[in-house]
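Please open the model in a viewer and keep the selection panel at hand.

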Amino acid sequence: MVQSKSEFDVWDWLLFGAMLAVSAGIGIFYACIGGRQKTTAEFLMGGRSLQLVPVAISILVSFMSAILILGTPAEMYTQGTQYFMYMFGIILAIILASQLFVPLLYPLQLTSSFEYLELRFKSKAAKLTGTTMMILQQVIYMGVASYAPSTALEAVTGFPTWATIITVGVVSTFYTFLGGMKAVVWTDVFQAVIMIAGLLAIVIQGTISVGGIEKVWSINDEWKRIEFFDFDPDPTTRHSFWSLLIGGMVGWTATYGVNQASVQRYCALGSLTKAKTAVMLNILGVALLMCVTCVAGIVVFAYYVEQGCDPYTNKDVSNSNQIIPYFVMETLGYPGIPGLFVACLFSGALSTMSSCLNALSAVTWKDILEPFLGKKTETQKTWITRILVALYGGAGIGMAFMAMNLGGTVLQASLSFTGAASGPLLGIFALGAFFPWANWIGAVVGSVFGLVLPFWISIGAYSVVGTPNSLPFPTENCSSSANVTAATNQTVTDTAAAIEGLDVLYTISYLWYPSIGAATVVIVGLIVSVFTGLTPKEEVDSRYLIPLFDRIFCCLPGSCRRCLRCHIEYEDPDDIKAENDVEFTVDADQPVIVPIKSEKYRENMYSKNPIGGISYRSFRGSENWQDNPAFAESEAPPSYNDVEGTAVQMAKTEL
């Protein structure tokens, strides 16, 4: 029997409160017991000793926010099943990210993904360009992730919008501030369980109420909701097979491959194999979450067909994102179940915000502050990163309140901006990794154009009248006949005005924004590089390049692949990692010389991260220092007596 209620009871509050308490408790545990987060390496990277499965789950839920929980079922409810094809675009992105970008970035053992840009382009400007785009994107997204579920909850449960924003911001900041990366990863694992439980409750109860999954499918088929393959090549078509597959693939390759939250997590694992596996495991997680949320949408639609009235048409809800919470309160009125669903929504928001806070703290420290504050003690550095978490937490809360006060259009613009910003971030990494002759000027200029163009299109899109929804909704039992008549008339008579000239650009599907941004960065970056002086390929260390044809077309003959990669020889990623991880002891009576292949990286590794309390200096000898075998070794650095010829020796007093 269907039960309905309009407010929380004691069991709902207890379950919801327990979720918040456990999340906060994990942060307290890792602050007081589980390692205490005494160093920046521990606080930001978990000591690079995290476990495979928790990291894989953390990567997954970092990007599967409350917007997914509300928006995907709403999309299936209003537009039919075609959006399901988006899942395959994400899966392709995961495969590309694990095979291309993980082997590129993991061996470098970076804390900030944008350190790569400085290493590759030999330019702080390139690094800071990427860092700035990421900070703007993440701060805005934190506000969106906090605000989006709050409006739905307030409309159907009475839970105040301001309370949702404050709760999400304070709790996520609290446990991230205390427990760092370890707390974020393990709260993500806990919150993932809550998210799955809440979604399954909707699907199971809804399916039972309708009369089985076969009936759910047949109802949606009768109402012309079942459609998966629309091969229309028109880029202005909102959803087509091509935009969902290719557009989704490009956007999510940026997310899984170069997004700071992903890089920070897979670089915290113990081996390249584990890093690639952690990303690949997201295929299972994405398939599960997308299937459950998509099925939830068609189940809820079938339920309201059985009831004979669409709540949006009947003005029971003000927008489609409120349909799922409305359904929960109407059909899942059992003790604790609405509380479970609200905990599910909050878990999505908390996991996203805490991941953003951790990532923002890492890039701000490594890319902006460390060059000026690097001589602080390790305790002071850790507290600086904690303070950054608190500051960004406040910024996220403030951004959420701005979205609340400025209205829905700003919310849509913010969502479009975060989507448009992922393309340029992928583009600048692709420019450096695939085109050795690109220079830092091209990277900076291309990134600016790559950000401005899709952002301009997304803003302009709100001035163009879109095509009205043509799918039917059940209205025969709706109580408000005037509303039904008005909605029906609008569907039939409201047609878009003729769109001409530049306005056609604004009708491009939002799914193509990341592709437009990435392509713009690469094209403009290469053109600018040509006019400002191409970088000789021999000046770019091969460890900063991706051997695309070796990774994607590995079945081609070796001679063919060598030709395609311009005869550049690439090191194996495991060899790069082994070289970077070399450990050695110091004999105080026998000075050492540190071998160097990448000057900047060696400088960072040995100067800023002392081993055994002694800081080593990377240095060169005479002009032909590269010819000395000692500097080509990937094993432990040679001792004083092992070095001959032109290499310069380091005096004992310099250690």
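Begin by selecting Thr385 together with its surroundings. Leaving aside residues up to four places away in sequence, Thr385 touches Thr40, Phe43, Leu44, Ser361 and Trp365. The structure on display is a predicted model. Thr385 itself belongs to helix H16, which spans residues 378-406. Is Thr385 buried or exposed? Its relative accessibility is 0%, so Thr385 counts as buried, the cut-off for that class being under 20%.

Select helix H15, residues 337-373, and look along its course: a kink of about 40° is centred on Trp365. How many of the residues of H15 are buried? The count is 31 of 37, and H15 is accordingly described as mostly covered.

Now hide these elements and select helix H5 (residues 86-105) with helix H12 (residues 272-280). Two packed helices are described by the angle and the distance between their axes. The axes of H5 and H12 come within 9 Å and cross at roughly 155°. Angles over 145 degrees count as roughly antiparallel, and H5 and H12 are therefore roughly antiparallel to each other. The crossing of H5 past H12 is right-handed.

Finally, display the side chains where this pair meets. Which residues are involved? H5 contributes Ile94, Ile95, Ser98, Gln99, Val102 and Pro103, while H12 contributes Leu272, Ala275, Lys276, Val279 and Met280. Colouring the contact of H5 with H12 by class shows eight nonpolar, two polar and one charged residues.

Terms used. Residues numbered from 1 in each chain as written. Predicted model: local features only at pLDDT ≥ 70, side-chain atom pairs only at ≥ 80, totals over all residues. Heavy atoms only, no water. Axes fitted to C-alpha atoms, helices over the stretch in contact; angles between N-to-C directions. Helix = DSSP H or I, 4+ residues; strand = E, 2+ residues; numbered from the N terminus. Parallel < 35°, antiparallel > 145°, perpendicular 65-115°, else oblique. Left-handed = near helix turned anticlockwise from the far one by under 90°. Contact = heavy atoms within 4.5 Å. Nonpolar A, V, L, I, M, F, W, Y, C, P; charged D, E, K, R; others polar. Bend = angle between axes of the 7 residues up to and from the residue. Buried < 20%, exposed > 50% of the residue type's maximum accessible area, 1.4 Å probe, protein only.
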